[in-house]
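I opened this notebook page to record what I looked up in one structure. The entries follow in the order in which I made them.

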Amino acid sequence: MANKPVKYFLVDAFTDSAFKGNPAAVCLLEVERDDEWLQAVAREFNISQTCFLTRLSESADSVIASVPRFRLRWFTTVAEVKLCGHATLAASHILFAYDMVKSDTIEFSTLSGILTAKRVVDSQPSDSSISENGASAPDNSLIELDFPVVPVIEYNGATNAEVAMISKSLNGASFNEIHKTTTVDDFLVLLPSGKAVEEVEPNFVEILKCSGRGLIITAPAPTGSGFDFYSRFFCPKLGIYEDPVCGSAHCALAPYWSKKLGKCDFIAYQASPRSGILNLHLDDENQRVLLRGKAVTVMEGTLLV
């Protein structure tokens, strides 16, 4: 018996403009498909993340009563990952925009536990609706994701060889601090300025040699930019040479910058060539990060195999 066609959408996340932010493919599954097929589809899309949604029946262990619930899985071109912010935002956007749910809250069952997405009104339109050309976004609605904090520790044990390798990875760009995330083993490196973050020309051959999974670089945003900090994320080991806008990296950046700046609310700019904007709130007590952003549907179609 032939498999049913699978509806898909291509969504640009953490942006209000097409062809910016981070693209994700969102596939709607009526029945479960095997991992080999899921990975093959992700390779076929050949973008940073492809996600797969399967509607689940209401469960007694649902975090919020009477809220629609979906299984959500994320794949890069080479592997399944445990957490992905922009593809979760993209999936939520499709469910809300196409009236596939009758609620302003969605639950996702994932490898990182139960995650929630909410459709919310932007409470700070003067800041968080800054668009990428400096103008206000056309509406003040955002999607808010509730994600776990990714702890960051100062990496005092960096050997001279590791410091040299990070320097080579950044093609000699200067940096001030080296930290590491404790759950996904990414390096987090502080650069002197937002301009320095923008100008880094990564050496992916050297990044592949680093002991960590990936490399996050960050710095204070320029005065008057409207942002709190800049960042970029490189993860060639997972087939993502530069992640255009990485929500999960900001689960580490939020607690890091909270200690630096003494605050819990941020407007973050990911300074990749595509660029993207994230509105963040750190719930330090519950060790959660609320990531808020917009998304744009740019394509839809059907998988026939």
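**Entry 1. Basis.** I worked from a predicted model, in which local features need pLDDT of at least 70 and side-chain atom pairs count only at pLDDT 80 or more, while totals for chains, interfaces and linings use all residues. Residues are numbered from 1 along each chain as its sequence is written, and side-chain values use heavy atoms, with hydrogens and water left out.

**Entry 2. Helix α2.** I took helices (H or I, at least four residues) and strands (E, at least two) as DSSP runs, numbered from the N terminus. The expected span of a helix is 1.5 Å times one less than its number of residues. For the 13 residues of α2 (residues 85-97) this gives 18 Å, and the end C-alpha atoms are 18 Å apart, which agrees. I then looked up burial (buried is under 20% relative accessible area, exposed over 50%, partly exposed in between; 1.4 Å probe, protein chains only). In α2, 12 of the 13 residues are buried, including His 86, His 93 and Phe 96. After α2 comes Asp 99, with a positive phi near 55°.

**Entry 3. Salt bridges.** I counted a salt bridge where a side-chain nitrogen of Lys or Arg is within 4 Å of a carboxyl oxygen of Asp or Glu. The structure holds 17 of them.

Glu 30 and Lys 4 form one, at 3.3 Å from N to O. Glu 30 lies in the loop between β2 (22-29) and α1 (35-45) and Lys 4 in the segment before β1 (6-13), so the pair ties together parts 26 residues apart in sequence. Glu 30 is exposed at 62% relative accessible area, and Lys 4 is exposed at 54%.

Asp 35 pairs with Arg 73, the closest N and O atoms being 3.0 Å apart. Asp 35 is in helix α1 and Arg 73 in strand β4 (residues 69-75), so this bridge joins parts 38 residues apart in sequence. Asp 35 is partly exposed at 43%, whereas Arg 73 is buried at 17%. I also noted that Asp 35, Arg 73 and Glu 80 are linked in a network of salt bridges.

Arg 232 and Glu 242 meet at 2.8 Å, N to O. Arg 232 belongs to strand β13 (residues 229-235) and Glu 242 to strand β14 (residues 240-243), 10 residues apart. Both residues, Arg 232 and Glu 242, are buried.

**Entry 4. Val 298.** I found Val 298 in strand β18 (residues 295-303). Val 298 is partly exposed, at 30% relative accessible area.
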